[in-house]
Amino acid sequence: NYFMVKYNWQGRDRHKVQEENMVQRISIKGLFGYFDYEIPLWEERISILTGPNGFGKSTIINCINAFGNSNLEFFVDLNFKKYFHQMAVKYYVSKR
């Protein structure tokens, strides 16, 4: 999945802790003053955005990228009412 980020840490007890941050859902209200989207992203499947030209597909991808990279300035000039980025954080612990 393109939206998964992994962090690893090895503690003094030789345990490996792994955290996965997975985007579960994107919601954007009032995009360009018109469009409301609820987009579920599947952990085990590929999610595909389709739609006519000018309906915000590239803008939604850019929103995900900006939010993931903490580029909140991207949202300043974007015409929207609300953006929601739901994450699922999973922790795994295993021995070396």
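Tutor: Accessible areas here come from the Shrake-Rupley method with a 1.4 Å probe. The model is predicted. On that basis the protein exposes about 7,400 Å².

Student: Why is phenylalanine 32 called partly exposed?

Tutor: Its relative accessible area is 28%. Buried needs under 20%, and exposed needs over 50%. The value 28% falls in between, so phenylalanine 32 is partly exposed.

Student: What makes serine 70 count as exposed?

Tutor: Serine 70 has 62% relative accessibility. The cut-off for exposed is over 50%. The value passes it, so serine 70 is exposed.

Student: Where do these two residues lie?

Tutor: Phenylalanine 32 is in the loop between strand 2 (15-31) and strand 3 (35-40). Serine 70 sits in the loop between helix 1 (57-68) and strand 4 (82-95).

Student: In what order do the elements run from the N terminus?

Tutor: The order is β-β-β-α-β. That comes to one helix and four strands.

Student: How many of the 96 residues count as buried, as a percentage?

Tutor: The share is 27%. To be counted, a residue must have under 20% relative accessible area.

Student: And what share of contacts joins residues at least 24 apart?

Tutor: The share is 48%, among contacts between residues at least 6 apart in sequence. Each contact means heavy atoms within 4.5 Å.

Key: Residues are numbered from 1 along each chain as its sequence is written. This is a predicted model: local features need pLDDT of at least 70, side-chain atom pairs count only at pLDDT 80 or more; totals for chains, interfaces and linings use all residues. Side-chain values use heavy atoms; hydrogens and water are left out. Helices (H or I, at least four residues) and strands (E, at least two) are DSSP runs, numbered from the N terminus. Buried means under 20% relative accessible area, exposed over 50%, partly exposed in between (1.4 Å probe, protein chains only).
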